[in-house]
Amino acid sequence: MAKAIVESFGRLPAGEAVEQYVLTSAGGAVAKVMTYGATLTQLHVLDKKGQSANVVLGFDNLQQYLAGHPYLGSTVGRVANRIANGTFSLDGVTYTLARNDNGIHHLHGGRKGFDKVLWKAELAATKREVGVKFTYFSPDGEEGYPGNLDATVIYTLTDTNELKIEYSATTDKPTPVNLTNHSYFNLAGAGRGDILDHELMIAADRYTPADETLIPTGQIAAVRGTPMDFTAPTVIGLRIAQVPGGYDVNYVLNSGGGKLALAARVRDPKSGRVMEVLTTEPGLQLYTGNFLDGSLTGLGGTYRKHYGFCLETQHFPDSVNKPQWPTMILRPGQRYSHVTVQKFTAM
Ligand code: BGC
């Protein structure tokens with residue numbers, strides 16, 4: 001039987017209580033999500049022998065989340081990924097945002113993005129599914145963004161071991177919105193080595209080449225003949241040495257976005273665990289934990305370079321400055337909506 005329980009996960013420095021929701025599916029998966037950052041803290045799924053392991057990097061205590069970390073399991077917003085030089089123009093007005101990415105660009109919503117705020121939560125369960133609905137009110141001007149934004153993120157665990165994440169938002173002034181989840185996966189189990197032997201397929205024939213500071217050039221290029229090509233299942237480590245630092249690249253999904261479609265499939269050969277990612281978004285950032293450096297020890301062990309991979313479903317980076325790309329501008333009267341499903345099996 002699916003079930004959900006709520007437990008205390010500590011207090012913020014100002015005293016607010018943080019809660020963690022533990023969702024258990026009838027299919028044997030367990031997801032833990034907390035109200036600070038609407039963060040996925042743990043995700044336990046079965047391998048081909050029926051053994052359960054936590055497959056996302058994270059911590060078992062709030063202190064480590066507060067001490068600083070590279071968005072482990074975080075909900076990222078108001079705009080995930082980079083905005084060049086922390087500036088954009090909208091309807092003739094220029095907005096200036098924090099340059100929190102090496103002092104050059106804006107990254108993942110700024111200094112205090114949606115990953116560092118306390119969300120309100122309520123259980124959202126049905127017979128076959130168990131879930132939590134998180135809401136956050138982001139006031140006009142927060143982190144430099146225009147408009148009061150009401151944001152909702154619903155995590156649902158289904159009986160067939162799918163973790164569904166549904167995002168929605170409304171605004172009272174035009175504003176860019178690009179929400180995603182920043183979980184680092186290791187299908188062998190968090191902390192149990194690197195992910196270079198995982199086989200990855202990405203349903204994208206094209207990607208957005210970027211400069212050395214990871215701002216897209218604005219071109220869209222074919223993956224064919226490059227180390228970015230994951231159109232057929234390929235071991236992540238096979239060509240990673242040809243990509244300075246490792247993969248940190250946005251793919252242009254073949255689906256074009258707008259409807260739920262397969263974006264990626266990953267398999268860990270040791271455990272047989274498979275994760276399929278379906279999304280309504282047009283883009284997918286593959287990030288191979290290039291900046292993990294062994295300075296964090298979390299669930300399962302110490303997190304070293306390439307100990308996790310992220311598949312961030314999103315609009316293309318710096319879209320606010322690339323009018324030719326799918327827009328991330330939300331206007332009053334419209335609703336931002338994004339659905340991503342991670343489906344777990346083993347073979
Ligand atoms: C970005 C990386 C960045 C990381 C932060 C990823 O989404 O693509 O460039 O370093 O987030 O942890």
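I started with H182: an N or O atom in its side chain is 2.8 Å from an oxygen atom of the ligand. This is a predicted model, so I keep in mind that every distance here is computed from it.

Next I checked H108, where an N or O atom of the side chain comes out 3.0 Å from a ligand oxygen. Then E312: one of its polar side-chain atoms lies 2.6 Å from an oxygen atom of the ligand.

Which residues surround the ligand? I listed P70, Y71, R82, H108, H182, Y184, L214, D248, Q285, Y287, F291 and E312. Sorting that shell by type gave me six nonpolar, three polar and three charged residues.

On to the rings. I got twelve aromatic pairs in the structure. I picked F59 and Y65: their ring centres are 5.0 Å apart and the planes sit at 80°, which is over the 60 degree cut-off, so I logged the pair as edge-to-face.

Are these two buried or exposed? F59 has a relative accessible area of 1%, so it goes down as buried. Y65 is buried as well, at 2% relative accessibility.

Last one for today: W119 and Y136 also make an aromatic pair. I have their centres at 5.6 Å and their planes at 45°, and I noted this pair as tilted.

Terms used. Residues numbered from 1 in each chain as written. Predicted model: local features only at pLDDT ≥ 70, side-chain atom pairs only at ≥ 80, totals over all residues. Heavy atoms only, no water. Near = heavy atom within 4 Å. Polar contact = N/O pair within 3.5 Å; in protein donor to acceptor, adjacent residues only side chain to side chain. Nonpolar A, V, L, I, M, F, W, Y, C, P; charged D, E, K, R; others polar. Phe/Tyr/Trp six-rings, centres within 6.5 Å; stacked < 30°, edge-to-face > 60°. Buried < 20%, exposed > 50% of the residue type's maximum accessible area, 1.4 Å probe, protein only.
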